[in-house]
Amino acid sequence: MSSTLPAPERVAERAKEIMSAIEADPEFSAFTAAALKYDEAWTCFTGFPVIANWDLDADKRPLLTEGLRALSLKAAVYEMGGQDEDMTEIPVAVPVDEMMHAMIAQPQLLDRIAKRVGVSVIHQTDKEHHDYNAGDFTHTAYVAAWGEPNERYWVGHPEAQRRLNILDAKYEAAGFRRSGKAHSIDFAAA
């Protein structure tokens with residue numbers, strides 16, 4: 001991380017303001033409905049399944065809150081850090097990152113809300129960091145804004161990697177290779 005990151009306490013204060021403004025926007029309900037409806041496309045093998053006993057119906061609403069918090073933190077960093085896109089990609093836990101993908105898959109709604117709120121939503125897959133850990137910049141800013149993050153969703157990097165290794169072995173046993181990026185199912189023979 002750059003040494004020019006703004007102070008986490010300042011980021012936290014601004015992130016809370018951003019999130020409140022997003023939630024107060026007249027299209028927030030439509031945005032929420034659209035992001036949660038994205039569940040038909042949630043097929044990632046390495047994001048949400050890191051959550052123990054993952055259940056889409058039970059977990060999607062709390063994850064929406066966590067995704068909004070992460071996007072708000074990132075928007076605050078972007079605004080306060082000189083609009084540096086690289087700096088803005090602060091570490092985020094993989095399940096929360098996956099929810100952010102569902103949210104940014106609503107580009108028109110999110111763009112209109114962001115413009116009305118006066119923020120930029122920054123999320124670039126090739127620059128994102130999944131090396132979130134308790135005590136890092138993201139965690140410190142999150143705690144200052146909202147208290148301790150829910151560990152069910154904010155899984156630290158070493159534990160997430162351990163869980164991904166377990167999942168990968170189970171996927172392999174079911175015929176899915178490379179964490180679901182390939183499989184050996186011959187549909188003609190089925």
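The model is predicted, so local features need pLDDT of at least 70 and side-chain atom pairs count only at pLDDT 80 or more, while totals for chains, interfaces and linings use all residues. Residues are numbered from 1 along each chain as its sequence is written, and side-chain values use heavy atoms, with hydrogens and water left out.

**Nonpolar cores**

- The largest nonpolar core has 43 residues, of which Phe31, Leu68, Val96, Met99, Met103 and Trp154 touch the most other members; such a core is a set of buried Ala, Val, Leu, Ile, Met, Phe, Trp, Tyr and Cys residues joined through side-chain atoms within 4.5 Å.
- At least two residues of this core come from each of α1 (8-24), α2 (28-37), α3 (56-80), α5 (94-104), α6 (107-117) and α7 (137-146), where helices are DSSP runs (H or I, at least four residues) numbered from the N terminus.
- With nine residues, α3 gives the most to this core.
- Another core, of seven residues, lies apart from it and includes Val94, Val155, Leu164 and Tyr171.
- In soluble globular proteins, nonpolar side chains tend to be buried together.

**Helix α2**

- Phe28, Phe31, Thr32, Ala34, Ala35 and Leu36 are the buried residues of α2, buried meaning under 20% relative accessible area, exposed over 50% and partly exposed in between (1.4 Å probe, protein chains only).
- The cover over these buried residues of α2 includes α1, α3, α5 and α6.

**The cavity**

- One cavity of 30 Å³ or more is found in a search of the whole structure, a cavity being a set of points, on a 1 Å grid over the protein atoms alone, where a 1.4 Å probe fits but cannot get out.
- The largest cavity holds about 80 Å³ of space, a volume being the space filled by probe spheres set on the points, which are joined across faces, edges and corners.
- Its lining has 13 residues, and Ile22, Leu68, Leu71, Leu110 and Val121 are the closest to its centre; lining residues have an atom within 4 Å of a point.
- The largest share of this lining, four residues, is supplied by α3.

**Arg163**

- Arg163 is found in helix α8 (residues 157-173) and is partly exposed, with a relative accessible area of 22%.
- Leaving aside neighbours within four places in sequence, Arg163 is in contact with Val50, Ile51, Ala52 and Val155, contact meaning heavy atoms within 4.5 Å.
- Although Arg163 and Ala52 are 111 residues apart along the chain, their C-alpha atoms are separated by 8.8 Å.

Key. On a 1 Å grid over the protein atoms alone, a cavity is a set of points where a 1.4 Å probe fits but cannot get out, and a pocket is an open set with protein on both sides within 12 Å along at least five of seven lines; lining residues have an atom within 4 Å of a point.
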